[in-house]
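Work through the exercises below with the model open. Try each task before reading its solution.

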Amino acid sequence: MPLKEKKKPTRIIMKKILITGAAGFLGSHLCDRFIAEGFHVIGMDNLITGDLNNIAYLFPLEHFEFHHHDVTKFVHVSGKLDYILHFASPASPIDYLKIPIKTLKVGSLGTLNLLGLAKEKGARILVASTSEVYGDPLVHPQNEEYFGNVNPIGPRGVYDEAKRFMESITMAYHRHHGLDTRIVRIFNTYGPRMRLNDGRVVPAFMGQALRGEDLTVFGDGSQSRSFCYIDDQVEGIYRLLFSDYTNPVNIGNPHETTIKEFAEEIIALTGTKQKIIYKPLPQDDPTQRQPDITKAKEILGWEPKVHRTEGLKIVYDYFKSLSPEDLQKKEHRNFSTK
């Protein structure tokens, strides 16, 4: 009888994805998601605002690698590459007001470098834009057809215009080169791994409450925000990446609250006795921020699931677990103003 040939083991070819800003708040959660989905993940970060502690537990994994690199310099990835998520950028006012030129460069040069890489590799690229492209909006809630009300020469313009340029050059590559692109406009997102000292309202209020400080509200507190929990945000981004839609899509939670109401909510959650103090509103700070998520619902079948009460409890427990040193930290150790 003829000998039976042994079957060769089937080799599973994993999809490979590059995630820039991988050590940041959003980027680290995206690394988690794509590892869980069976991808080979390449994380890239220059660690100006990111923290390796956010992804340290991924380092022993066979299908995770980390590149300490600044995407405003030439970006090289060996071998095939299927997807790119460009999330490298300062994202809080404290950060981008201290490093304005780096913020502009990562949105312009960094995006250009990654679009070039996507073109070379034939990869699909999703870029992380922001609700800040709407500026201080004159339309409420904000839909994707609204062009925005942005002051290009104001202090916040370094972030707003970097992201608006990012969208513009991404669409230019899509139209001119036929590049497979996606654009997500991210509204206020919160969750574990946020930096307490990054100036955004959720960690700012919780940090003040945990340190026994009064909660600082800028303006009269009537300005509104909408807060999306990190798991919902990641799910929306994941669905957008694998959709066929190439125009920008808002991903955020449409449930709106005023900053004063939110401060009172934090005081109730933490059981602290601090009072609310008021300071002048910064220049060009948006008075209203609420996403119209009609497109996300219709195109992606997505809407947020996590109620703010549930999400804030998780985040508060996370911040309570931080060391006293982290709780008191005022400055990010990697900041450079050059």
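**Exercise 1. Burial of a helix**

How many of the twelve residues of α6 are buried?

Solution. Start with the ground rules. This is a predicted model, where local features need pLDDT of at least 70, side-chain atom pairs count only at pLDDT 80 or more, and totals for chains, interfaces and linings use all residues. Residues are numbered from 1 along each chain as its sequence is written, and side-chain values use heavy atoms, with hydrogens and water left out.

Step 1: Helices (H or I, at least four residues) and strands (E, at least two) are DSSP runs, numbered from the N terminus. Buried means under 20% relative accessible area, exposed over 50%, and partly exposed in between, with a 1.4 Å probe and protein chains only.

Step 2: count. Nine of the twelve residues of α6 are buried, and the helix is mostly covered.

Step 3: list them. They are I230, D232, Q233, V234, G236, I237, Y238, L240 and L241.

Step 4: check the span. From first C-alpha to last, α6 reaches 17 Å, close to the expected 16 Å. The expected span is 1.5 Å times one less than the number of residues.

**Exercise 2. A helix pair**

Describe how α1 packs against α6.

Solution. Two packed helices are described by the angle between their axes and the distance between the axes.

Step 1: geometry. The axes of α1 (residues 25-36) and α6 (residues 230-241) come within 10 Å and cross at roughly 65°. Axes are lines fitted to C-alpha atoms, for helices over the stretch in contact, and angles run from 0 to 180 degrees between N-to-C directions.

Step 2: handedness. The crossing is right-handed.

Step 3: contacts (heavy atoms within 4.5 Å). α1 supplies F25, L26, H29, L30, R33 and F34. α6 supplies I230, Q233, V234, E235, I237, Y238 and L241.

Step 4: The contact residues divide into nine nonpolar, two polar and two charged. Here Ala, Val, Leu, Ile, Met, Phe, Trp, Tyr, Cys and Pro count as nonpolar, Asp, Glu, Lys and Arg as charged, and the others, Gly among them, as polar.

Step 5: look at α1 itself. Ten of its twelve residues are buried. The buried set includes F25, L26, H29, L30, R33 and F34. α1 reaches 17 Å from its first C-alpha to its last, against 16 Å expected. G38 follows α1, with a positive phi near 90°.

**Exercise 3. What covers α5?**

Which elements are included in the cover over the buried residues of α5?

Solution. Step 1: α5 is mostly covered, with eight of its eleven residues buried. Those are V201, V202, P203, F205, M206, G207, Q208 and A209.

Step 1: the cover includes β7, β8 (215-218), α7 (259-270) and α9 (308-320).

Step 2: go to the end of the helix. Just after α5, G212 takes a positive phi of about 80°.

**Exercise 4. Backbone exceptions**

Find the backbone values that call for a second look at L47, R193 and P141.

Solution. Most residues other than glycine have a negative phi, and most peptide bonds are trans.

Step 1: L47 is not a glycine, yet its phi is positive, about 65°. L47 sits in the loop between β2 and β3 (64-68). L47 counts as buried, at 13% relative accessibility.

Step 2: R193 has a positive phi of about 85° and is not a glycine either. R193 lies in the loop between β7 (189-190) and α5 (201-211). Its relative accessible area is 18%, so R193 is buried.

Step 3: a cis peptide bond joins H140 and P141, with omega about -10°. P141 is in the loop between β5 and α4.

**Exercise 5. Two buried sites**

Are H40 and S131 buried or exposed?

Solution. Step 1: H40 belongs to strand β2 (residues 40-45). H40 is buried because its relative accessible area is 15%. Beyond four places in sequence, H40 touches M14, K15, K16, I17, E62, H63, F64 and E65.

Step 1: S131 is in the loop between β5 (124-130) and α4 (157-177). With a relative accessible area of 3%, S131 is buried. Beyond four places in sequence, S131 touches I186, F187 and R289.

Note on methods:
A crossing is left-handed if the near helix is turned anticlockwise from the far one by less than a right angle, and right-handed if clockwise.
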